[in-house]
Amino acid sequence: MSAARARVRTWGALTASMGLLAAGAAIVGPAPAAVSAAPGDDCAEAFPVADLAVGDTVDGLTVVKGTTPTSFTGEVLGVIDDGIAADLDMVMVELEMPEFARTAGIWQGMSGSPVYAADGRLIGAVAYGLAYGPSPIAGVTPFEEMDRYLGTEPAGRVDVDRPAARSIARRTDVSAAQAEEGFVQLRMPMGMSGLSSTRLAQAAKVDKPYAPKGAYGIGRPSGAAAGPETVVAGGNLAASVAYGDVTMAGVGTTTSVCDGDVVGFGHPLAFLGETTLSLHPADALFVQPESLGPPFKVANLGDPAGTITQDRLSGISGSIGAPPESGEISSAVDYRGRSRVGTTHVSVPAFTADAVFGQFLANHDRVLDGVVAGTEVQEWTITGTRPSGAEFSLTYADRYTSSYDVTFSSVFDLADLVYGLSSAPGVSVTSVEVDSDVTDETGVWKVSSVEQHRSGTWKKITNKAPAVARAGKKLKLRAVLTGPAGTKTIPVRFEVPKKARGARTMLTVTAGTQVYNDTWVESVNDAEEMLDGAVRNDQLRVEFGTTDRLSFGGYEDEEFIILEGRPRRHSFVKSALLGPLDKVVEGSKWFKVRVR
């Protein structure tokens, strides 16, 4: 449905954002000549881009390992007018530091690294790299614009004209052809904790807007990693949409801190505008060289230490202090006597479904500890508020069976529903609680036949020997199910309307696994109606009526295909829901019914 599918920010959009954000942290420091930074404000003064000249020397700081920035040097190559956006120039600099001997140049994670002029004023933040590959040449976002957040579209590629490319080639080891490929924000890898690389690769293949694409594994936040005192100019800076068992975050660098207000990155995280990202410190573990792409930094995140309120074209900003309010995702899993409750906090509501999907997988994998075939009985509750402010609570239960991986087969229904709700205008999802009881049982019931009680005996119904009903009387039926435990019969009766005499009617018996329950909802009311009519996987829906009214309409024989909307004088439908049973049910049957 349109509203549900129109969510502006998805995990795919998040990971497709570009920048020098990293798998870990990238940092630069306080004063241009400093080698390390003590915690504290720097309240940097901006150096006007208009006053820069080619050949000007620069200094900066970035963290290669740990939380203490180390220095780098460089010189100005030039300025690309409106290079990032209208009225937002990009400063080109060539940097130099010992680490480049291993990394071949700047890395993902240096986004936000402050670059200072010779007089100590702040020119801006490292945020772009040459498109052709790793290089010591960086594009710098001017600091004088970073707290204004100008622009309406994230920069993708910054073109370099031929004269500028030749100038770069004369002053560096980069060829003119390479320079003409322009600058780009390096691809920003978004970390996700709780899931193995195998699960992340599996999720990347799923055609769902909330399944992570291109994510890498990180650790969950911990106070032992780094504290808020490490968020200094040039220090590590992370921002997350969710944290806990499942943490979805990008790590870059702090550009400046003043009176507890923080500016960093030099480009957007996900271009969310006004937002409620959680601010985290981080501890850089190492910079990973990469032969097929730019190097990147790996880091552990600290506990939430503030709120990022702006995610704009020229960077992110917020303040150290209280983290934002968050929704809570809770998953309890029991299997073979093992149990665990996992929790994830969602600070950006649009990513609630992403967190549900990740939390569900992560907690299952921790408890089941492998790809396990089995059956899961799942119960969940979603709470939140409607556009009016009134609270709502939705509760449901279902059963899932998989002969290969019960974890992966049981996660999508709930995540789909949460995605629709969290995308609905004015709806706020405040909590999702899931309880899962998993066993090794893989048996299912299959619909093998349907019988009618007629003339004192049960007779099997086929299209050659259809059911025979009498108008105004009862139609006595039973579904015959087969499974590993033998055979099971489930009776059902329908009152045949008197008006049905002579009407073309059918009987459908459909297992819950074959029924499409529309989880793409646009409002809480949609969700309530959907759940009220939903068929569990361990239930059967039996319908008897004229073919134009059956919800599972149509038949292989053209004789029974009725065009939608054609009026029927004798139209009616009778429906019954059978179960829940002790196993998932599969299969369906359709038959003619003669009404006399």
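Guide: Two residues are in contact here when heavy atoms of theirs lie within 4.5 Å. By that criterion, residues 24 or more positions apart account for 74% of the contacts in the chain with a separation of 6 or more.

Visitor: What kind of model is this, and how are residues numbered?

Guide: This is a predicted model, in which local features need pLDDT of at least 70 and side-chain atom pairs count only at pLDDT 80 or more, while totals for chains, interfaces and linings use all residues. Residues are numbered from 1 along each chain as its sequence is written, and side-chain values use heavy atoms, with hydrogens and water left out.

Visitor: How many helices and strands are in the chain?

Guide: The chain has eleven helices and 33 strands. These are DSSP runs numbered from the N terminus: helices are H or I with at least four residues, and strands are E with at least two.

Visitor: And what share of the residues is buried?

Guide: Of the 596 residues in the chain, 56% are buried. Buried means under 20% relative accessible area, exposed means over 50%, and partly exposed lies in between (1.4 Å probe, protein chains only).

Visitor: Let us turn to Thr513. Where does Thr513 sit?

Guide: Thr513 lies in the loop between β29 (504–511) and α11 (524–533). Thr513 counts as partly exposed because its relative accessibility is 32%.

Visitor: Which residues does Thr513 touch, apart from its sequence neighbours?

Guide: Beyond the neighbours within four places in sequence, Thr513 is in contact with Asn537, Val584, Val585, Glu586 and Gly587. Val584 is 71 residues from Thr513 along the chain, yet their C-alpha atoms are separated by 7.6 Å.

Visitor: What does the side chain of Thr513 reach?

Guide: The Thr513 side chain reaches the backbone oxygen of Val585 at 2.6 Å. The side chain of Thr513 also makes a polar contact with the side chain of Gln514, at 3.1 Å. A polar contact is a pair of N or O atoms within 3.5 Å; within protein, one must be able to donate a hydrogen and the other to accept it, and residues adjacent in sequence count only if both atoms are side-chain atoms.

Visitor: Changing topic: how many salt bridges are there?

Guide: The count is twelve salt bridges, each being a side-chain nitrogen of Lys or Arg within 4 Å of a carboxyl oxygen of Asp or Glu. One of them joins Asp365 and Arg199 (2.7 Å, N to O). That pair links distant parts of the chain, with Asp365 in helix α8 (residues 352–368) and Arg199 in helix α7 (residues 197–204), 166 residues apart.

Visitor: Are Asp365 and Arg199 buried or exposed?

Guide: Asp365 is buried because its relative accessible area is 19%, and Arg199 is buried because its value is 5%. Arg199, Asp365 and Asp405 are linked in a network of salt bridges.

Visitor: Which residue does Arg386 bridge to?

Guide: Arg386 forms a salt bridge with Glu528, with the closest N and O atoms 2.6 Å apart. Arg386 is in the loop between β21 (374–385) and β22 (391–402), and Glu528 is in helix α11, 142 residues apart.

Visitor: Finally, which strands make up the open sheet with β29?

Guide: Five strands form an open sheet in the order β26-β33-β29-β30-β31, with mixed pairing. Two strands pair if DSSP finds at least two bridges between them. The edge strands, β26 (467–469) and β31 (573–578), each pair on one side only.

Visitor: How many bridges join β29 to β33?

Guide: Seven bridges join β29 to β33 (residues 588–595), and the two strands run antiparallel. Thr505 stands opposite Val593 in β33.
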